[in-house]
Amino acid sequence: MSYEADSQQDERIGLQIIEGSEGISDLDKDWDDLFARALDAPPFLSRPWISTYIEEGRVKGTPLFILAWCGTRLVALFPLEVHKCLNTKIAMPISTLQGYYLGLLLDPNYQSVIECMADIIKTRNVFDVYYSVDLSSEDLATNDLLDELVKKGYSRRQVSRNPCFYIQLGCSFDDYFCKKASSKSRQNLRRREKRLFESGKVRIEHYPAGEVTSEVLLRIAAIEEQSWLKRRGAAVLRKPFYQKLLLKMAQAGIGHVWLMNIDGEDAAFEYVFISHKRLQFGWRAFKLKYSSSISIGQILMMHTIRDACSNGILSM
């Protein structure tokens with residue numbers, strides 16, 4: 001079910017609410033176009049990430065989307081899952097506790113629609129409570145929306161949880177390595193890398209998004225199954241849901257894989273998200289049989305960062 005509303009501030013802006021999964025598939029091209037324009041958006045607000053959670057029934061309650069259009073162009077999208085607890089409607093970002101940095105997807109040229117979206121949330125009583133554990137203090141769009149809701153009578157309570165550091169790149173790997181690691185750390189890691197490559201036939205394979213296949217994803221799942229994550233009960237990548245999720249992210253140009261192969265055997269992997277010239281680490285593991293002072297996980301991460309620097313990634 002959808003509603004239409006016009007902004008008093010700008011008659012070109014149309015507001016829409018879509019409840020349930022029907023109609024979401026019609027947004028594919030518009031959603032992808034908006035994500036490409038929203039240069040600060042994390043990969044977890046992309047269509048393949050959120051749509052997979054909906055398709056696989058991994059939402060608590062009813063999917064609900066608040067959309068803002070400028071003519072035929074989608075300029076903002078707020079994806080939620082809404083459920084009732086007693087008589088209270090509670091909204092959360094889709095993939096809460098699984099994704100991170102969740103909130104409002106906004107074209108930066110349309111900041112004014114934030115007030116319009118707050119209006120429709122209030123007038124349509126979209127939710128009584130909005131609960132997010134994954135909001136970044138640097139997510140200006142979502143924080144501005146919550147501030148607008150406070151102006152309209154909602155109250156806001158927030159608690160700082162985890163510091164999330166990021167590193168500026170936009171430089172050569174040697175420059176990065178000199179800035180971020182001590183001379184002793186650099187020497188130790190390079191000595192371990194040399195020892196590793198001298199100990200056997202070692203190959204680093206990079207699979208850009210367009211080359212990540214189901215076969216590649218099964219290979220990284222097999223590594224995870226023989227890693228310390230298995231002992232902790234946290235090995236999940238073999239499950240059909242994660243195989244589908246990671247493949248869809250790769251097909252969208254966001255998911256990339258690095259694999260380390262030693263003497264013909266897959267030993268370690270990195271699955272990372274790259275969008276808007278930013279890299280975010282997703283999943284990584286190495287087989288326990290390679291747990292030693294050689295540090296193959298650190299060495300593979302070093303190669304991943306080296307490739308990122310070569311490919312013009314600006315931050316991670």
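Q: Are Trp31 and Phe65 buried or exposed?
A: Trp31 and Phe65 are both buried. Buried means under 20% relative accessible area, exposed means over 50%, and partly exposed lies in between, with a 1.4 Å probe and protein chains only. The model is predicted: local features need pLDDT of at least 70 and side-chain atom pairs count only at pLDDT 80 or more, while totals for chains, interfaces and linings use all residues. Residues are numbered from 1 along each chain as its sequence is written, and side-chain values use heavy atoms, leaving out hydrogens and water.

Q: How many aromatic pairs does a search of the whole structure find?
A: The search finds 18 aromatic pairs.

Q: Why is the pair of Trp31 and Phe65 called edge-to-face?
A: The ring centres of Trp31 and Phe65 are 5.6 Å apart and the planes stand at 70 degrees, so the pair is edge-to-face. Rings of Phe, Tyr and Trp (its six-membered ring) pair if their centres lie within 6.5 Å; planes under 30 degrees apart count as stacked, over 60 as edge-to-face and the rest as tilted.

Q: Which parts of the chain does the pair of Trp31 and Phe65 link?
A: The pair links distant parts: Trp31 is in helix α1 (residues 28–37) and Phe65 is in strand β3 (residues 62–70), 34 residues apart. Helices (H or I, at least four residues) and strands (E, at least two) are DSSP runs, numbered from the N terminus.

Q: What makes the pair of Phe173 and Tyr176 tilted?
A: The planes of Phe173 and Tyr176 are at 40 degrees, with the ring centres 5.9 Å apart, so the pair is tilted. Phe173 and Tyr176 are 3 residues apart in helix α5 (residues 173–180), which means a separation of about one helical turn.

Q: Why do Phe173 and Tyr176 count as buried?
A: Phe173 has a relative accessible area of 7%, and Tyr176 has a relative accessibility of 11%. Both therefore count as buried.

Q: How do you know how many disulfides there are?
A: A search of the whole structure finds 0. A disulfide is a pair of cysteine sulfur atoms within 2.5 Å.

Q: What makes Arg58 sit over the ring of Phe241?
A: The charged end of Arg58 is 3.9 Å from the centre of the Phe241 ring and sits over that ring. A charge sits over a ring if NZ of Lys or CZ of Arg is within 6 Å of the ring centre and within 35 degrees of the ring normal. Arg284 likewise lies over the face of Phe281, 4.7 Å from the ring centre.

Q: Which strands of the open sheet are its edge strands?
A: The open sheet has 4 strands in the order β8-β9-β10-β11, with antiparallel pairing. Its edge strands are β8 (202–207) and β11 (278–286), each pairing on one side only. Two strands pair if DSSP finds at least two bridges between them.

Q: How do you know that β9 pairs with β8 and with β10?
A: β8 and β9 have 6 bridges in the antiparallel sense, and β9 and β10 have 8, also antiparallel. Gly255 stands opposite Phe273 in β10.

Q: Why is β9 described as largely enclosed by the rest of the structure?
A: Of the 8 residues of β9, 8 are buried, so the strand is largely enclosed. Gly255, Val257, Leu259 and Asn261 point one way, and His256, Trp258, Met260 and Ile262 point the other way. In a regular strand the side chains alternate between the two faces of the sheet.

Q: What makes the phi of Lys277 worth a remark?
A: Lys277 is not a glycine, yet its phi is positive, about 65 degrees. Most residues other than glycine have a negative phi. Lys277 lies in the loop between β10 and β11, and at 44% relative accessible area this residue is partly exposed.
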